[in-house]
Amino acid sequence: AWSPDHRQRWVIHLRGGLFSSPVTPDINTEAYRLNGSRQVQTLLYSPSYTEPLVPTPSTIEVATTRQFAKNLGQGWSFQSQVGVEHELPQHWHVQANLFDAQAWDTLRSRNINAPLVSSSTVNPLLAPRPIAPGKNLFQFERSGHLHGQVVFVGADQHSYKRFGIFVGYLYFNLKTDADSATLFPQSSYSDGGETARASWESTHRLFAIGQLNLPEKLSLTSQFDASSGNPYNVVTGMDNNGDGVFNDRPSIAAEQGTGTYQTPFGLLNTTSVNGSLGRNAGTMPALIHL
């Protein structure tokens, strides 16, 4: 921190740090629960409507287990910040900060035994798998990335006897292909279209907290929050590539056809394998809370 004037009404901050993130207990528990000997999860494709656990001629069973990648260590990130603070008359205080984050080896999931689907594949569930037939191997691995910036601007006043307020604005511009440890890419063999806004990220956030001190030690407090909508993933609801994860996205289509629909995102086809529409292409409505 450095101040250019002796009264320190201006203060400039520079910060930077290298951080590590461990594997949390809930991830360890999930890998232990579905380790193949304690529990096995089974997906039934085309089950009987009346007796789903009784196989029919069209039923395909796929077992699912969980595991950790070999030599799974901690994830790393480098975070930096440059900020300016200024003290105004009447003890009003304003600040502006720019944060930059770069994270690598972020934890996410992938099916390392997904079917090897080609353009000539009729049924992806019957396509060959690289390790074992009829089995999904869901692996926790450190293959994700995150990068981007966050801007914060704020003003506060806490010196008045009867009144206090804090107002702030946040702008998020973070991109990642690993929202969480349980997020799967659409395709186990490609990261195309995966880097996008995280599902928890609203681009704009505005908040204000006010407090009015009354006699007899009573106080009135108000809190205002407003944010633009969080992103959401546009999916077909189907497992078109047979990897056991129902996060398949549609493809952008040039013309009408079977399984093609006109949407706010343009003409989309739901029958393609590993769709071309990017992840988290949608945005939920804005939220205001008082």
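Q: How many bridges join β4 to strand β5?
A: Strands β4 and β5 (residues 93–111) are joined by 12 bridges and run antiparallel. This is a predicted model. One place to look is Glu87, which stands opposite His93 in β5.

Q: Which residue takes a positive phi in the hairpin of β4 and β5?
A: Gln90 does, with a phi near 65°. Five residues lie between the strands of this hairpin.

Q: Which strand pairs with β5 over 18 bridges?
A: Strand β6 (residues 135–157) pairs with β5, again in the antiparallel sense.

Q: Where do the side chains of a regular strand point?
A: In a regular strand they alternate between the two faces of the sheet.

Q: What is Phe172 in contact with, leaving aside its neighbours within four places in sequence?
A: Its contacts include Gln149 and Val150. Glu201, Ser202, Thr203 and Arg205 are also in contact with Phe172.

Q: Which residues form a nonpolar patch on the surface?
A: The patch is formed by Leu18, Trp76, Phe78 and Trp104, with about 400 Å² of accessible area together. Phe78 is found in strand β4 (residues 75–87).

Q: Why does Phe78 count as partly exposed?
A: Partly exposed covers relative accessible areas between the 20% limit for buried and the 50% limit for exposed. Phe78 has 39% relative accessibility, so it falls in that class.

Q: Which parts does the salt bridge of Arg108 and Asp191 tie together?
A: The two side chains meet at 3.1 Å, N to O. Arg108 lies in strand β5 and Asp191 in the loop between β7 and β8 (204–214), so the pair ties together parts that are 83 residues apart in sequence. Arg108 counts as buried at 3% relative accessibility, whereas Asp191 counts as partly exposed at 39%.

Q: Where do Glu141 and Arg110 lie?
A: Glu141 is in strand β6 and Arg110 in strand β5, 31 residues apart. Their side chains meet in a salt bridge of 2.7 Å, N to O. Glu141 is buried, with 8% relative accessibility, and Arg110 is partly exposed, with 22%.

Q: Which residues are linked in a network of salt bridges?
A: The network links Asp179, Glu194, Arg249 and Arg279.

Q: What is the strand order in the open sheet of three strands?
A: The order is β11-β13-β12, with antiparallel pairing. Strands β11 (251–252) and β12 (260–263) are the edge strands, and each pairs on one side only. Four bridges pair β12 with strand β13 (residues 266–269). Thr263 stands opposite Gly266 in β13.

Note on methods
Residues numbered from 1 in each chain as written. Predicted model: local features only at pLDDT ≥ 70, side-chain atom pairs only at ≥ 80, totals over all residues. Heavy atoms only, no water. Patch = residues over 30% accessible without salt bridge, like charges linked within 9 Å, V, L, I, M, F, W, Y side chains within 5 Å. Areas by Shrake-Rupley, 256 points an atom, 1.4 Å probe, with all protein chains shown as cover. Salt bridge = Lys/Arg side-chain N within 4 Å of Asp/Glu carboxyl O. Helix = DSSP H or I, 4+ residues; strand = E, 2+ residues; numbered from the N terminus. Buried < 20%, exposed > 50% of the residue type's maximum accessible area, 1.4 Å probe, protein only. Pairing = 2+ DSSP bridges. Contact = heavy atoms within 4.5 Å.
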